[in-house]
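I opened my notebook to look up a few things in a new structure. Come along and check each entry against the picture.

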Amino acid sequence: MEDIGNLFHGFSVVLQPYNIVLMVVGIVLGVIVGVLPGLGGANGVAILLPLTFSMSPTSAIIMLSCIYWGALFGGAITSILFNIPGEPWSVATTFDGYPMAQQGKAGEALTAAFTSSFVGALFAVIMITLVAPLVASFALRFGPAEIFSVYFLAFCSFVGLSKEPPFKTVASMMLGFALGAVGLDQMTGQLRLTFGFETLLTGFDFLIAVIGLFGIGEILLTMEEGLSFRGKAAKIDLKVVINTWKELPRYWMLYLRSCLIGCWMGISPAGATPASFMSYGIAKRISKHGKNFGKGEIEGVIAPETAAHAAGTAALLPMISLGVPGSPTAAVLLGGLLIWGLQPGPLLFTEQKDFVWGLIASMYMGNIVGLIVVLTCVPLFAAILRIPFSVIAPIILVLCAIGAYTVHNNTFDVVMMLVFGVVGYFMKKTNYPLAPMVLAIVLGDKAEESFRQSLLASQGSLGVFFSNALVSTIMTLGLIALFWPMIQAGLSRLRGGVKGPRTAA
Amino acid sequence: MNETAEESAGAGPSQRSVEIGVAATIAILAVIGIIGALRVGTGWSAEGPRAGFFPFYICIAILISCAVNLAHVLRTENDGAVFASWDQINKVLQVVVPTAVYVGIIPYSGIYVASALLVASFMKVLGRYGWAASAAVGIAVPLFTFVAFEKWFLVPLPKGPLEHLLGY
């Protein structure tokens, strides 16, 4: 039970007054980021990352992860009150949250959403506390081939699980790898793909890509849709909260199921958005009130919110234990670790105990603080959305520009940000997923390094990736994930009773 | 009949042509990547795979997936779907063009003056606010960022002639 002791040590780190202040600041910033269109968890963290360069890594990760929790909470506010999902993972919340608000039950919907978020996150954090150290100690034995196989699995899951056409996912992911390869080759120290441009020497920074693709791209999309915010009034008083809380325990089965869906989808890089839709869909099918879904059913708020938060939190499990982020925001946090001079991956648990357990403790505390902040300050956050877009949009543009500049103190990066923004707009509109591209830019160097090291050891034979039981299992899982849509189609055809000649396979 | 409905919603470039354009652009980037990889060598040397080894195969994979995506677009019938109406594109350009100007003048004017101009002109032109309100917010935003970044967080941002005049 050494881990429990470590966790309590983590709490003592987190509960220092300075860190608590950072936590509250992070949550408030995070909710604002989550409420505003064009600023999401990933680019909110990316913009604020440079501010933490001078902090200690533990304080920095506390603040940044709290921005993440805040953004997860914030998405629900706009979904319920304005019928505008502030974040992709809160789209499913609008289906029943907004009708509830229309019926004058905004307070109940918000309380249910926040509480569900909290329960989902708590479940995932407990899972991380129990599982992450085991995964990390197991992963300590990994060689280059095993490490590459984990990356392979992560990226294949993207292809198999995303809604977008598989070859578009591959194209966008590989483009990310190619962009990540520009600049200095880590292994030979040679310059590549720079074509003599000095500005390309350092390569494409993924933070710039995140700010451009998600921030600027999102503003362009919002502009195109010509949003006008017409929201419902929000009032939450203690009576509403307590009455809603009294009702919620009845849905324990729904909670459990949504938590499990969320954790599963969060660990595999599918992420929070599909988790929320899946949880909503299953709840609709199973619930006794299934017919009421879409007309303001409280279960329709609980299911997606619980799953989205569980997934968002669980996405940090592979990041801290394996160094493979489960979501774009986790990828940005991972980039932060690298900048603070920490090597993400299994070694963190042995070499940076303070940091890891501080982070885990801050997940518990951050969600408690978050729940209190959002429950008490909803009207304040809703007021932000009443500021017209023509005022908010240029301010967000300015913040993005500042964020892009401060990464390397380079004005050319601001130009790149705009380029990535326009690229992001076109990719979004043509169904190329952005998350795999960002993850590929972040992990490109590491994936390539482990790939080349494995090949070096095997003198170029690809057999090294199937040389022992462990690595073969992970690679096979990866291949299954990669071809999952085809496998699924094949299975359903078998089940459909169509006699195929290839049933033997 | 579908077509007429689309017409009334606003004409614009077809989704199909943009899909083709995006796939072709990515393919061109992949070809550039392959040329770059060939320059540094894609084979083996004494210390293992050369620098171009990984990017070379990555770019090949991009080319293949672009070919599949292109084939998919070309095989499906043109359903008349519009990428965005001209009106919508106009709105998007109303953001892209000022932002491009903003990004372009930052190295010369510094970020504060450029931001003031961006916020104020956005509010004046797109939000149809009066001069006073636009100017007030336009000045308040950079002033606040100045205090937050230069004073609290001690992160220096690009400055121009105006800041130098004021002694920073």
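**Entry 1: helix α5 of chain A.** I looked up the buried residues of α5(A) and found A:Ala92, A:Thr93, A:Thr94, A:Phe95, A:Asp96, A:Gly97, A:Tyr98, A:Pro99, A:Met100 and A:Ala101. Buried here means that 20 or more other C-beta atoms, placed from the backbone, lie within 10 Å of the residue's own; exposed means 12 or fewer, and partly exposed is in between. Ten of the twelve residues of α5(A) are buried, so the helix is largely enclosed by the rest of the structure. I noted that helices are DSSP runs of H or I with at least four residues, and strands are runs of E with at least two, numbered from the N terminus.

This is a predicted model, in which local features need pLDDT of at least 70 and side-chain atom pairs count only at pLDDT 80 or more, while totals for chains, interfaces and linings use all residues. Residues are numbered from 1 along each chain as its sequence is written, and chains are lettered from A and ligands numbered from 1 in the order in which they are written.

What do the buried residues of α5(A) pack against? I found α4, α6 (106-139), α12 (272-286) and α13 (299-314) of chain A. After α5(A) comes A:Gly104, with a positive phi near 80 degrees.

**Entry 2: A:Ala113.** I found A:Ala113 in helix α6 of chain A. A:Ala113 is buried, with 30 other C-beta atoms within 10 Å. Leaving aside neighbours within four places in sequence, its contacts include A:Ile80, A:Thr93 and A:Gly97. Two residues are in contact if their C-beta atoms, placed from the backbone, lie within 7 Å.

**Entry 3: the core.** Which residues have the most contacts inside the largest nonpolar core? They are A:Ile80, A:Val210, A:Ala401 and A:Val438, in a core of 222 residues. Such a core is a set of buried Ala, Val, Leu, Ile, Met, Phe, Trp, Tyr and Cys residues joined through C-beta atoms within 7 Å. Helix α4 (residues 57-82) of chain A gives the most to this core, with 17 residues. Domain 1 (2-75) and domain 2 (86-165) of chain B both give residues to the core, so it lies between them. Those domain bounds come from an automatic or database domain assignment. The centres of the two domains, taken over C-alpha atoms, are 35 Å apart.

**Entry 4: where the chains meet.** I saw that the contact takes 48 residues from chain A and 53 residues from chain B. On the side of chain A that touches chain B, the largest share, eleven residues, comes from α18(A). I then turned to α19(A), whose buried residues pack against α8, α9 and α18 of chain A together with α4 (86-125) of chain B.

**Entry 5: confidence.** The predictor gives the complex an ipTM of 0.90 and a pTM of 0.85. Chain B averages a pLDDT of 86, and 94% of the residues score at least 70; pLDDT is the predictor's confidence in each residue, from 0 to 100. Over residues 1-8 of chain B the pLDDT is below 50. Where pLDDT is low, the predicted coordinates should not be read in detail.
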